[in-house]
Amino acid sequence: MGFKLKLEKVMYDKRINTKQLGELTGIRWNTVNDMVKNESKHWSVENLNRIMAALELKDISELIEYVEEPSQE
């Protein structure tokens with residue numbers, strides 16, 4: 001699997017929706033939506049910085065996690 005955004009959970013915890021986060025960060029709402037669904041092909045450092053600031057996150061681990069792929073045994 002690899003890296004995954006925890007954006008959906010963080011937004012739920014902070015009671016904020018995709019449209020609101022887009023307005024706070026200046027990121028198009030559909031880009032935010034793709035990030036929430038983990039459908040983005042890549043995440044720009046600029047967008048991650050904007051999201052971290054808007055959601056008042058202090059550590060990148062609050063936003064991104066690493067999910068190991070199941071072993072092929």
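Entry 1. I began with helix H1, residues 7–14, and found Leu 7, Val 10 and Met 11 to be buried. Viewed down the axis of H1, the buried residues fall within an arc of 95°, so they line one face of the helix. I note that I am working from a predicted model.

Entry 2. I then looked at the face of H1 turned away from the buried side; the exposed residues Glu 8, Lys 9 and Tyr 12 are carried there. Next I looked up what covers the buried residues of H1: the cover includes strand E1 (2–5) and the helices H2 (18–25), H3 (29–36) and H4 (45–54). Just after H1, I recorded a positive phi of about 55° at Arg 15.

Entry 3. I turned to H2 and H4, whose axes come within 9 Å and cross at roughly 105°. The two helices are therefore roughly perpendicular to each other, since angles of 65 to 115 degrees count as such. On the H2 side, I listed Leu 21, Leu 24 and Thr 25 as making the contact; on the H4 side, Arg 50, Ile 51 and Ala 54. By class, I sorted the residues of this contact into 4 nonpolar, 1 polar and 1 charged.

Entry 4. I searched for aromatic pairs, and the structure holds 1. Phe 3 and Tyr 66 form this pair in an edge-to-face arrangement, with 5.3 Å centre to centre and 70° between the planes. The pair links distant parts of the chain, as Phe 3 belongs to strand E1 and Tyr 66 to strand E2 (residues 64–67), 63 residues apart. I checked accessibility for both partners: Phe 3 and Tyr 66 are exposed.

Notes: Residues are numbered from 1 along each chain as its sequence is written. This is a predicted model: local features need pLDDT of at least 70, side-chain atom pairs count only at pLDDT 80 or more; totals for chains, interfaces and linings use all residues. Side-chain values use heavy atoms; hydrogens and water are left out. Buried means under 20% relative accessible area, exposed over 50%, partly exposed in between (1.4 Å probe, protein chains only). Helices (H or I, at least four residues) and strands (E, at least two) are DSSP runs, numbered from the N terminus. The arc is that of the directions from the helix axis to the C-beta atoms. Contact means heavy atoms within 4.5 Å. Axes are lines fitted to C-alpha atoms, for helices over the stretch in contact, and angles run from 0 to 180 degrees between N-to-C directions. Angles under 35 degrees count as roughly parallel, over 145 as roughly antiparallel, 65 to 115 as roughly perpendicular and the rest as oblique. Ala, Val, Leu, Ile, Met, Phe, Trp, Tyr, Cys and Pro count as nonpolar, Asp, Glu, Lys and Arg as charged, and the others, Gly among them, as polar. Rings of Phe, Tyr and Trp (its six-membered ring) pair if their centres lie within 6.5 Å; planes under 30 degrees apart count as stacked, over 60 as edge-to-face and the rest as tilted.
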